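Good morning, everyone, and thank you for making time for this. I would like to walk you slowly through one structure, so please have a look at it before I go on.

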Amino acid sequence: MNTKSGYVTIIGKPNVGKSTLMNELLGERLSIITSKPQTTRKRVLGILTEGNHQVIFLDTPGILDPAYLLQEKLLEYIERSINDADILIVIIDMSDNKDINETLEDELVSRVLQGRDIRKIAVLNKIDLSTKDEIDKSTSLLESREVFDFVVPLSALKKFNVATLKQFIFENLPPGPKYYPDDQLTDEPERFFVSEIIREKVFENYKEEIPFSTEITIDEFKERENRKDFISASIIVERDSQKPIIIGKKGEAIKKVGKYAREAIEKFLQREVFLELHVKVRSKWRSNENLLKSFGYNIDEG
Ligand SMILES: Nc1nc2c(ncn2[C@@H]2O[C@H](COP(=O)(O)OP(=O)(O)OP(=O)(O)O)[C@@H](O)[C@H]2O)c(=O)[nH]1
Ligand SMILES: [Mg+2]
């Protein structure tokens with residue numbers, strides 16, 4: 001059989017809709033999405049198999065100038081995912097006037113665009129928030145740069161033009177074997193998605209610097225016969241003063257997060273679970289090499 005397969009890496013500034021687009025292309029809610037920037041912190045792999053085509057999507061953290069060690073690690077995930085790419089998607093937020101130039105002038109992006117001979121796609125996302133004139137103007141501007149093989153305005157949220165993008169990807173996949181079984185969606189373990197879902201609920205339920213100061217660890221994940229799975233997780237914060245904020249008055253805040261997280265985990269795993277949440281302080285974990293490693297930010301091992 002003439003199969004086609006390849007890696008499609010999705011990059012862009014924070015919050016432009018990378019994870020929304022990957023999920024939409026996959027038809028599954030795999031990567032977590034929130035209205036806050038810096039939601040994605042690792043490379044998230046999603047597999048799409050249709051007929052003779054297998055696409056391995058890599059969703060990446062948003063590109064920014066690293067201010068602390070965690071952000072340097074995020075940049076390494078992005079660079080690595082770019083190196084793996086057969087096709088590169090650069091997403092630009094159409095509703096943010098500055099985003100086109102800032103993205104194209106970003107050092108990393110311009111290096112990639114001028115570099116390796118791979119297919120390069122510009123996605124102008126969030127067109128549901130713009131007028132037709134604005135969209136036409138931005139599309140022409142991107143086309144005039146002549147670095148992209150394809151420029152597509154779309155709305156990942158409203159599912160507009162996503163099929164056109166998918167078609168282009170399928171047509172431009174190199175010949176190759178299927179790397180994964182047809183029904184496999186990802187290569188990450190269930191506990192990764194469980195921790196991500198909890199982090200999504202933390203992002204959604206706390207304000208200001210709290211989401212950015214938190215990390216999730218899964219301390220226990222037990223499948224039990226004839227009983228619900230048992231999951232014990234910790235919300236890690238950076239300072240003692242953040243602990244009572246996570247817990248809330250009479251424990252209400254953490255209870256709410258726990259409920260939302262459990263419901264979303266059950267939906268994802270399609271089975272019932274018992275979820276227990278703790279809070280731990282790990283001083284300045286975002287700048288601590290060993291702690292980052294223990295939280296799984298070890299790029300060398302993939
Ligand atoms: N209006 C509109 N909003 C969108 C669209 N696509 C994504 N969003 C919203 O933009 C926000 C960010 O979406 P994400 O998919 O998390 O963005 P991201 O690029 O993965 O963000 P990071 O992982 O933080 O870099 C969410 O609130 C989405 O619902 C779109 O096409 N239209
Ligand atoms: Mg994301």
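Let me begin with a term: a polar contact is a pair of N or O atoms within 3.5 Å. Please keep in mind that what you see is a predicted model.

With that cut-off in hand, we can turn to the backbone around ligand 1, where a polar backbone atom of V16 is 3.1 Å from an oxygen atom of the ligand. A backbone N or O atom of A156 likewise lies 3.1 Å from an oxygen atom of ligand 1, and for G62 the corresponding distance, again from a backbone N or O atom to a ligand oxygen, is 3.4 Å. Taken alone, ligand 1 exposes 660 Å², and the protein buries 90% of that area.

Which residues come nearest to ligand 1? Among the 23 residues around it, they are K18, T20, Q38, T39 and D128. Sorted by class, this shell has 12 polar, seven nonpolar and four charged residues, and its largest share, three residues, is supplied by helix α1, which covers residues 18–26. The space that ligand 1 takes up is the second largest pocket.

Stepping back to the whole chain, we find 11 helices and nine strands. Its radius of gyration is 20 Å, close to the 19 Å that the globule rule gives for 302 residues, so the chain is as compact as a globular protein of that length. Along the principal axes, its C-alpha trace spans about 60 × 45 × 35 Å.

Methods: Residues numbered from 1 in each chain as written. Chains lettered and ligands numbered in written order. Predicted model: local features only at pLDDT ≥ 70, side-chain atom pairs only at ≥ 80, totals over all residues. Heavy atoms only, no water. Near = heavy atom within 4 Å. Polar contact = N/O pair within 3.5 Å; in protein donor to acceptor, adjacent residues only side chain to side chain. Areas by Shrake-Rupley, 256 points an atom, 1.4 Å probe, with all protein chains shown as cover. 1 Å grid on protein atoms, 1.4 Å probe; cavity = no way out; pocket = protein on both sides within 12 Å on 5 of 7 lines; lining within 4 Å. Sits in = over half its atoms within 2 Å of the grid points. Helix = DSSP H or I, 4+ residues; strand = E, 2+ residues; numbered from the N terminus. Nonpolar A, V, L, I, M, F, W, Y, C, P; charged D, E, K, R; others polar. Rg over C-alpha atoms; globule rule 2.2 N^0.38 Å.
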